[in-house]
Amino acid sequence: MEAGNQTAISKFTLLGLSDDMDLQPLLFGLFLYMYLMCVIGNLLIILAIISDSHLHNPMYFFLSNLSFTDICFSSTTIPKMLVNIQTKSKVITYEGCLTQMYFFMIFAGLDNLLLTVMAYDRFVAICHPLDYTVIMNPRLCGLLLLLSWLICLTYSLLQSLMVLRVSFCKETEIPHFFCELAQILKLACSDTLVNHIVLYFVTGLLGVIPLTGILFSYSRIISSIMGIPSTGGKYKAFSTCGSHLSVVSLFYGAGLGVYLTSRTAHPSRKGSIASVMYTVVTPMLNPFIYSLRNRDMNGSLSRLFSGGAYSQ
């Protein structure tokens with residue numbers, strides 16, 4: 001591309017989910033409701049875990065961090081979308097776009113890695129119950145969390161710095177409701193081969209390796225559960241990981257849908273609609289899944305609402 005066709009841009013245009021002005025009030029109300037449900041639901045999970053000493057164990061330690069990550073994950077995209085709808089403006093500054101992209105990658109990656117760590121936690125709890133407290137000690141839990149943060153921070157910073165070297169054309173319309181790296185690179189006039197190599201290589205590693213770990217953990221878990229002679233024992237063992245398995249299925253199912261729609265040659269809003277499941281619906285449903293399918297969490301939430309939560 002000739003230099004004359006390139007320009008130093010100061011803003012992008014987020015096309016959003018629809019151009020229909022009649023739909024904007026409905027979209028605003030719907031996404032505001034889902035965002036508030038996400039924030040309130042995940043905050044309740046965090047408060048319930050903090051206030052109940054019976055939940056001070058590795059499983060709920062990682063769950064509270066997952067809830068915090070889900071709040072941050074949704075907060076990187078939805079508030080800006082709501083502001084754009086309310087002000088009837090689709091503009092986001094260049095700096096704001098890169099900042100949003102950076103934090104989006106951090107918390108999307110954290111969601112992924114925390115689900116993997118939680119699968120390992122369930123594997124140890126069910127397959128090695130006698131050694132659980134020894135293996136999943138506070139030091140290891142802290143190291144696993146720190147490692148997850150370091151991986152996501154490093155990857156996001158690398159991608160953001162690489163975007164800074166990209167030149168953009170005058171066409172800066174993003175067919176999405178937030179700044180997604182793959183969509184931003186499609187607007188580039190300069191060569192983005194290195195960007196795409198790093199994007200697909202690291203995304204592949206952060207997708208394939210954690211998913212492989214989850215599948216391996218659950219293959220061993222299922223094998224151990226099938227070896228339990230009593231039906232009651234099998235149900236009790238499976239109930240400890242049923243919520244996590246539901247969340248994993250929802251997360252990776254939505255992620256797969258986003259990936260398949262993003263593979264189209266031309267940008268399409270189908271990808272942004274699929275991303276709603278990934279960025280809004282999944283974080284919103286996680287608290288309901290964990291509270292409905294978990295008796296300990298149900299009890300803690302009940303005591304929290306009644307003002308009877310306690311620490312012993």
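L32 is partly exposed, because its relative accessibility is 30% (buried is under 20%, exposed over 50%, partly exposed in between, with a 1.4 Å probe and protein chains only). This is a predicted model, where local features need pLDDT of at least 70, side-chain atom pairs count only at pLDDT 80 or more, and totals for chains, interfaces and linings use all residues. Residues are numbered from 1 along each chain as its sequence is written, and side-chain values use heavy atoms, leaving out hydrogens and water.

L32 sits in helix α1, residues 24-51; helices here are DSSP runs of H or I with at least four residues, strands are runs of E with at least two, and both are numbered from the N terminus.

Next, the salt bridges. How many does the structure hold? There are two, a salt bridge being a side-chain nitrogen of Lys or Arg within 4 Å of a carboxyl oxygen of Asp or Glu. One joins D19 to K90, with the closest N and O atoms 2.6 Å apart. That pair links distant parts of the chain, 71 residues apart: D19 is in the loop between β1 (11-14) and α1, and K90 is in the loop between α3 (78-87) and β2 (91-93). D19 is partly exposed at 48% relative accessible area, and K90 is partly exposed at 32%.

D121 pairs with R122, the closest N and O atoms being 2.8 Å apart. Are these two buried or exposed? D121 is buried at 1%, and R122 is buried at 7%.

Last, R295. This residue is in helix α11, residues 295-306, and is exposed, with a relative accessible area of 74%. Its C-alpha atom is separated by 32 Å from that of A274, 21 residues apart along the chain.
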